[in-house]
Amino acid sequence: MSKSQRAWGGLGRIVIGLLVATLVGCGGGGGGGAAAPTPTPTPTPTPTPTAVGFGNAQALWIDASTIAWPGASSNYQYLLYASAAANIAVFSNGTVTGADTSLTLGAPAALSATLAARYPQLGGNIGLALPASAAAQIQTLLGDQLVLVEVSNGQVLRATQLQTQGAIDAVYAAAASTQALGVTFAADETPTFRLWAPTARNVALVVNGNAYAMTRDAASGVWSYTGLSAWTNSALYSYQVQVYARTDGAAVKTYTVTDPYAVTLNANAYHGPAQQAMVADLASPALKPAGWNPALRPPAPAPTDIVLYELHVRDFSDNDPTVNPAHAGKFLAFTDLGSNGMQHLQQLAAAGVTHVHLMPVFDITSVDEGGCVTPAITNSDPVGTGPETTLAADANTDCYNWGYDPHHYGAPAGFYSSDANNPVARVQEFRSLVQSLHGIGLSVVMDVVYNHTAGNFLDQIVPGYYYRLDANGNITTTSCCQDTATEYAMMEKLMTDTLVTWSTQYAVDGFRFDTMENIPLAVMQRAQAAVAAAIAPRQSYWYGEGWINNENFVQADQAHLAGTGIGSFNDRIRDAVRGGGPFDSGNALIANQGFVNGECWGSNLGTACTAAQRGALDAAQTLIRVSMAGGLQNYTLGGVAASAIPYNGAGAGYTASPQELINYVGSHDGQTLYDISQYKHPASTSSADRARAQVVALGTVLMAQGIPFIHAGDELLRSKAFDQDSYNSGDWFNRIDWSGQTNYIATMGLPPAPENSANWPVMTPLLQQPNIAPTPADIAASYGAVLDLLKVRRSSTMFRLPSAAQINACVSFPDAAAQQDGLIVMRIGAAGVSCGDDAYKNIVVLVNANSAAQGYAVAALAGHAFMLHPVQAAGSDPVVKGASYVAASGTFNVPARTVAVFVEP
């Protein structure tokens with residue numbers, strides 16, 4: 001039965017249960033005489049039936065013929081009801097009203113091996129088979145209100161609605177997954193619109209205010225319409241979708257929606273006209289900036305040659321007085337090649353940074369593109385509350401957000417364009433950004449957020465499909481917001497297709513995945529293969545957060561990424577270097593010192609190092625060594641495989657290749673590297689030494705095997721005034737001074753209360769310390785030393801070995817068996833073994849975080865001819881030039897708070 005032929009009346013009322021007849025017996029005489037009258041029995045009152053609720057959706061329709069309901073029992077009967085008008089009511093006595101259709105399901109049975117593997121959370125004999133007759137009705141049923149009832153002796157025990165994602169995939173995915181969704185164009189620019197809405201009753205295309213009925217393809221559930229070439233690159237469009245919505249009042253609704261495949265839109269003005277997509281052909285010259293040629297970009301480096309630099313578009317230029325004022329905070333700021341920011345990026349590129357990681361640049365919901373404002377804030381004393389109070393008043397109306405609240409995955413953000421209401425501008429100008437970065441030798445990584453959306457707007461197109469559901473059918477929020485269900489075919493397709501678009505149409509060189517662990521590993525691998533095929537022979541590097549949690553599939557997390565080539569952020573080196581963990585608060589922020597800020601060697605509490613603290617430091621230094629060896633599972637340290645060295649219930653080593661490890665000590669999340677260390681440094685630490693500690697932390701990452709990641713501004717001692725979550729803290733707390741005169745820590749005031757007020761008592765006395773604010777000389781020294789370390793890394797592939805085999809053969813830690821506080825000694829090189837480009841016979845890297853100079857004798861390297869690396873010998877840091885090597889004993893001496901690199905020609 002087609003959608004247009006469905007009967008809207010139907011059965012009207014279905015009664016389940018037994019009709020009970022009352023049998024009345026007539027007594028006879030017992031012999032002689034008249035029979036005594038039989039007393040009339042008092043009738044037993046019939047219980048008043050009560051309504052049975054079914055607001056949840058605990059049953060899962062998991063393929064075309066199977067429904068699984070946890071708790072199902074062979075003692076009961078199961079009936080499925082459907083209603084086109086969504087009028088079902090269920091009563092305790094077995095009465096069900098408002099249904100058009102009822103189906104009796106088979107007795108509970110074990111799921112097939114395939115289904116049991118797909119749904120590991122479902123166990124036991126809970127599979128209920130639909131009758132064969134359901135096959136002809138399945139498309140209609142999937143668009144109806146569905147209620148499953150459990151009955152015993154005519155009484156309803158429970159009732160539930162259904163989660164239908166598995167059945168929708170079984171019915172539609174094979175045909176739908178090959179469709180070109182969104183808008184495609186014929187040679188004459190005639191557009192064809194395709195929207196996947198398989199459960200919708202009707203879909204209309206609305207172009208420039210006029211509605212056009214779309215045609216449904218039964219096999220795929222795709223609705224389509226071919227329009228006019230005159231619409232291309234000018235008309236705005238949306239869709240009207242009539243659909244049953246279980247999670248929105250359990251009613252049939254008509255929604256006006258934008259295309260999830262939109263490539264550009266007008267402004268998302270909160271108080272103006274509804275946002276619409278443009279009928280835009282990305283291949284058209286009208287959407288390309290002058291000189292656009294995706295082929296003109298830096299050669300793709302080997303993965304382990306990559307150095308990542310994380311940058312927010314607005315942070316980059318909103319505070320830079322040298323950019324064109326019309327470009328401040330916008331994509332076009334990256335085209336101002338003479339600005340302080342672009343000059344800084346060119347210097348980083350010349351030193352060895354290869355990729356700029358752009359925080360989200362796709363269309364989001366949290367910034368009002370039609371009317372956002374930037375509050376006026378003036379300098380504060382270090383602990384003033386004026387700035388944060390002003391920000392609080394404008395937090396939801398200003399022009400700032402990190403952008404982890406996606407709306408349209410395939411469209412650039414409008415608030416970064418010169419005219420948010422001009423759909424062409426955002427496309428041209430983001431392409432200009434990419435073109436400009438490519439022009440100075442930097443590749444571009446996009447930060448993508450396929451793990452959630454802000455709100456559940458995709459439910460207005462295919463209700464109950466695009467989002468991950470819990471046992472009651474509610475959308476989960478593990479990632480922070482409404483979790484998308486990339487384990488289902490068409491959410492996977494939306495992710496894959498938009499990744500291909502960014503890669504092919506915008507020349508994006510790689511992707512960073514937010515909470516990647518919420519995406520199935522197989523989905524990541526298929527998407528990666530699709531992008532690789534689309535851009536061959538170029539490569540696209542992929543990485544993301546791979547924290548371990550517990551989803552119902554094999555996740556793209558640290559536990560499963562080995563061997564995939566996909567990188568994940570390394571929390572081992574992060575926490576060991578910084579101290580503590582990302583969820584510390586209160587006094588723990590001070591007490592939990594790390595490698596670079598005093599654990600054991602410089603107590604900030606004035607106490608001697610305890611045995612427990614020394615054990616913690618030794619363990620932290622072990623984690624650093626494993627990380628500097630690429631985090632390899634099979635790397636051995638002291639005869640123990642790195643995978644067997646404990647770390648929070650897992651192994652210290654978890655990669656199969658160094659390209660799978662992102663070493664970092666700071667990112668947009670949490671306090672900046674500089675800020676977190678200010679909690680932990682002894683109070684007497686000078687501003688110059690605080691700056692040197694920053695370089696040691698960054699140097700640990702830059703000298704490690706694997707892929708280094710730098711948070712923008714960390715090389716300039718960037719501060720956010722201790723803000724631990726600056727996603728909505730405005731331009732004020734997210735500023736960077738590319739001129740290197742200040743990091744603003746002494747003039748920002750206390751960070752915004754919502755995320756930070758609990759820690760104000762701890763940070764207040766620290767912010768008032770005069771030596772917490774670096775001088776311009778401190779910032780310059782830090783920046784110069786980091787540039788030198790980047791150049792050292794770039795100088796030889798020995799610092800960035802490409803394989804586990806080479807790292808295992810070439811990288812060792814002479815100090816592992818006899819540790820010294822705050823010191824790591826790494827050797828790269830081995831007799832008779834080829835190590836990278838073999839630029840040197842041996843390299844020895846000493847990372848001395850300690851406030852005192854240290855020496856370490858390596859007897860096996862006595863009598864050699866080591867020298868300070870030429871870059872450092874001629875570099876900007878006068879302190880490292882005091883490092884020395886004593887050939888007679890093989891002793892390497894390194895000044896306090898210094899990373900020194902020795903090479904043997």
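How many aromatic pairs does a search of the whole structure find? The search finds 36 of them, where rings of Phe, Tyr and Trp (its six-membered ring) pair if their centres lie within 6.5 Å, and where planes under 30 degrees apart count as stacked, over 60 as edge-to-face and the rest as tilted. This is a predicted model, in which local features need pLDDT of at least 70 and side-chain atom pairs count only at pLDDT 80 or more, whereas totals for chains, interfaces and linings use all residues. Residues are numbered from 1 along each chain as its sequence is written, and side-chain values use heavy atoms, with hydrogens and water left out.

**Aromatic contacts**

The ring centres of Phe569 and Tyr664 are 5.0 Å apart with the planes at 75°, so this pair is edge-to-face. Phe569 belongs to strand E29 (residues 567-570) and Tyr664 to the loop between strand E34 (661-663) and helix H13 (673-680), so the contact ties together parts that are 95 residues apart in sequence; helices (H or I, at least four residues) and strands (E, at least two) are DSSP runs, numbered from the N terminus. Phe569 is buried at a relative accessible area of 4%, and Tyr664 is buried at 5%, the term buried meaning under 20% relative accessible area, with a 1.4 Å probe and protein chains only.

Elsewhere, ring pairs join Phe193, Tyr212, Tyr225, Trp231, Tyr237 and Tyr239 into a cluster. The charged end of Arg735 sits over the ring of Trp732, 3.9 Å from its centre, and the charged end of Arg735 also sits over the ring of Tyr744, 3.9 Å from its centre; the rule asks that NZ of Lys or CZ of Arg be within 6 Å of the ring centre and within 35 degrees of the ring normal.

**Strand E13 and its partners**

Seven of the eight residues of strand E13 (residues 200-207) are buried. E13 pairs in the antiparallel sense with strand E17 (residues 236-245) over seven bridges, two strands being paired if DSSP finds at least two bridges between them, and Val203 has Val241 in E17 as its bridge partner. E13 also pairs in the antiparallel sense with strand E14 (residues 210-213), over four bridges, with Val206 opposite Ala211 in E14. The hairpin of E13 and E14 has two residues between the strands, and in this hairpin Asn208 takes a positive phi near 50°.

**Pockets and cavities**

On a 1 Å grid over the protein atoms alone, a cavity is a set of points where a 1.4 Å probe fits but cannot get out, and a pocket is an open set with protein on both sides within 12 Å along at least five of seven lines; lining residues have an atom within 4 Å of a point. Grid points are joined across faces, edges and corners, and a volume is the space filled by probe spheres set on the points.

| Space | Volume |
|---|---|
| Largest pocket | about 1500 Å³ |
| Second largest pocket | about 570 Å³ |
| Largest cavity | about 190 Å³ |
| Second largest cavity | about 100 Å³ |

By this rule there are six cavities of 30 Å³ or more. Of the 15 residues lining the largest cavity, the closest to its centre are Leu142, Thr164, Tyr244, Arg246 and Pro463, and strand E10 (155-163) and E17 are the elements that give two or more residues to this lining. In the second largest cavity, the largest share of the lining, three residues, comes from H18. Helix H10 (residues 571-578) gives the most to the lining of the largest pocket, with five residues.

Conventions
Buried means under 20% relative accessible area, exposed over 50%, partly exposed in between (1.4 Å probe, protein chains only).
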